[in-house]
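Thanks for coming. I will take a few minutes on helix packing and then turn to the ligand site. Here is the model.

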Amino acid sequence: MTIPAQAKPAPASERDVLLKVDGLVKHFPIKKGLLQRQVAAVQAVDGISFDVRSGETLGVVGESGCGKSTMGRLITRLLEPTGGRVEFEGTDITHLGTAKMRPLRRDVQMIFQDPYSSLNPRHTIGTIVGAPFKLQGVNPEGGIKKTVQGMLERVGLSPEHYNRYPHEFSGGQRQRIGIARALALQPKLVVADEPVSALDVSIQAQVVNLLDDLQDELGLTYVIIAHDLSVIRHVSDRIAVMYLGKIVELADRKDLYTKPMHPYTKALLSAVPVPDPKRRGVKSERILLRGDVPSPIDPPKGCRFHTRCWKATEICAVKEPPFVALETAHQVACHHPENAPDQAPEDTKLLSVAREAIDVVSVTTAADVADAESADEGAPAKEPEAETTDATKD
Ligand SMILES: Nc1ncnc2c1ncn2[C@@H]1O[C@H](COP(=O)(O)OP(=O)(O)O)[C@@H](O)[C@H]1O
Ligand code: SF4
Ligand SMILES: [Mg+2]
């Protein structure tokens with residue numbers, strides 16, 4: 001198969017693999033009684049495999065409770081995996097203890113969702129952003145203070161903020177402080193767990209754009225977690241979609257948007273409003289998933305999505321679909337994918353749940369409303385968008 005030549009960045013597959021994850025598992029035991037015997041387990045992450053390539057941004061999306069944060073904490077080794085393997089720059093770090101992880105802490109950093117609770121209120125900004133230098137025993141040229149002040153400027157704050165306290169800053173500014181702290185030691189890999197979800201919508205794009213600019217300046221590799229595709233669609237090179245502890249689809253951003261294969265991805269995509277002005281006035285349908293993500297303590301058998309999938313057939317309830325590449329660099333786990341050959345064509349009998357799994361609503365855009373109003377003066381104005389519940393919100 002020939003792949004069309006690309007002008008700029010080298011094909012991602014040819015770049016170095018920075019992080020390699022193989023069959024990663026995290027089960028949180030549930031214990032009961034005086035003897036604290038384990039009676040069950042929360043299967044938060046249940047066998048996921050992927051690579052993160054040097055210099056790329058891997059977006060990870062899925063509804064709340066799908067295991068995204070647990071995955072982030074496993075690959076930064078803030079949590080110990082129950083099974084599987086994590087390799088950083090070719091070194092197995094799956095079970096490294098605190099002491100052996102210390103040098104690695106410099107290279108792997110995490111940015112957290114909540115900029116209010118992640119900064120110690122009693123410490124000055126200078127102490128917070130300078131802490132990684134002290135912890136690692138790093139003495140930068142020109143001293144810690146000057147380096148920290150330079151970092152504050154880089155993230156859009158002022159060097160004068162050095163002696164101030166977190167409560168003096170807005171949510172967006174606090175997240176910039178969190179970013180300055182994470183990037184202070186020039187790490188190689190940054191895992192950002194819903195870095196803008198707690199922020200006002202009006203400033204979310206600014207902070208995402210800041211991360212994007214810093215990536216180029218500092219040569220960073222990102223894993224950015226989000227529950228909503230709208231936040232990461234512009235900055236991700238590749239996107240992994242998670243559902244109930246599994247990666248169900250992984251593809252280049254463009255492939256994922258233009259030809260999603262997993263029904264869950266399709267539902268997530270159709271929940272994202274289309275900002276393209278050329279498409280205003282085009283009536284489109286949104287797929288709205290009913291219900292919540294099932295409990296990871298006792299996940300559905302077969303394909304975990306079969307209780308909410310409109311394409312679910314008998315095989316889906318009994319056989320877990322393998323996670324395979326159905327096209328070059330486009331992996332999916334589904335018996336009946338969209339935009340790809342049916343993997344179980346003989347199995348055609350829909351499950352009864354499939355018929356009630358989704359609501360398809362017709363979305364009327366603002367342009368339609370304007371047309372309707374000019375055609376029918378005096379008629380009550382329609383709502384520009386159907387009243388919907390956003391399936392991807394948590
Ligand atoms: N420390 C923990 N102990 C027990 N269960 C946990 C723990 N952390 C997360 N979980 C559970 O694991 C599942 C996945 O959680 P999480 O990784 O936070 O998902 P997400 O970030 O996608 O919302 C959830 O059911 C959550 O309640
Ligand atoms: S068609 Fe079947 S295998 Fe594919 S997502 Fe739906 S339930 Fe899962
Ligand atoms: Mg989370």
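A convention before anything else: a crossing is called right-handed if the near helix is turned clockwise from the far one by less than a right angle, and left-handed if anticlockwise. Also keep in mind that this is a predicted model.

With that convention, H5 passes H6 in a right-handed crossing. On the H5 side the contact is formed by Gly172, Gln175, Arg176, Ile179 and Leu183. H6 brings Ile203, Gln206, Val207, Leu210, Leu211, Leu214 and Leu218 to the contact. Sorted by class, this contact of H5 with H6 holds eight nonpolar, three polar and one charged residues.

Now the geometry of that pair. H5 covers residues 171-183 and H6 covers residues 201-218. Their axes are 10 Å apart, and the packing angle is about 20°. Angles under 35 degrees count as roughly parallel, and H5 and H6 are therefore roughly parallel to each other.

H5 has another partner, helix H3, which spans residues 125-136. Here the angle is about 30° and the axes lie 7 Å apart. H3 and H5 are therefore roughly parallel to each other as well. From H3 the contact takes Ile125, Ile128, Val129 and Pro132, and from H5 it takes Ile177, Ala180 and Arg181. The class count for H3 with H5 is six nonpolar, no polar and one charged.

H3 also packs on H4, residues 144-154, at an angle of about 115° with the axes 9 Å apart. That crossing, H3 with H4, is right-handed. Which residues of H3 and H4 meet? In H3 they are Ile125, Gly126, Val129, Gly130, Phe133 and Lys134, and in H4 they are Ile144, Thr147, Val148 and Leu152. By class, the contact of H3 with H4 divides into six nonpolar, three polar and one charged.

Last, the ligand. Around ligand 1 we find Phe28, Val42, Ala44, Pro296, and the residues Glu63, Ser64, Gly65, Cys66, Gly67, Lys68, Ser69 and Thr70. For Gly67, a backbone N or O atom lies 3.0 Å from an oxygen atom of ligand 1. For Ser69, a polar side-chain atom is 2.8 Å from an oxygen atom of ligand 1. For Thr70, a side-chain N or O atom is 2.5 Å from an oxygen atom of ligand 1.

That is what I have.

Terms used:
Residues numbered from 1 in each chain as written. Chains lettered and ligands numbered in written order. Predicted model: local features only at pLDDT ≥ 70, side-chain atom pairs only at ≥ 80, totals over all residues. Heavy atoms only, no water. Axes fitted to C-alpha atoms, helices over the stretch in contact; angles between N-to-C directions. Helix = DSSP H or I, 4+ residues; strand = E, 2+ residues; numbered from the N terminus. Parallel < 35°, antiparallel > 145°, perpendicular 65-115°, else oblique. Contact = heavy atoms within 4.5 Å. Nonpolar A, V, L, I, M, F, W, Y, C, P; charged D, E, K, R; others polar. Near = heavy atom within 4 Å. Polar contact = N/O pair within 3.5 Å; in protein donor to acceptor, adjacent residues only side chain to side chain.
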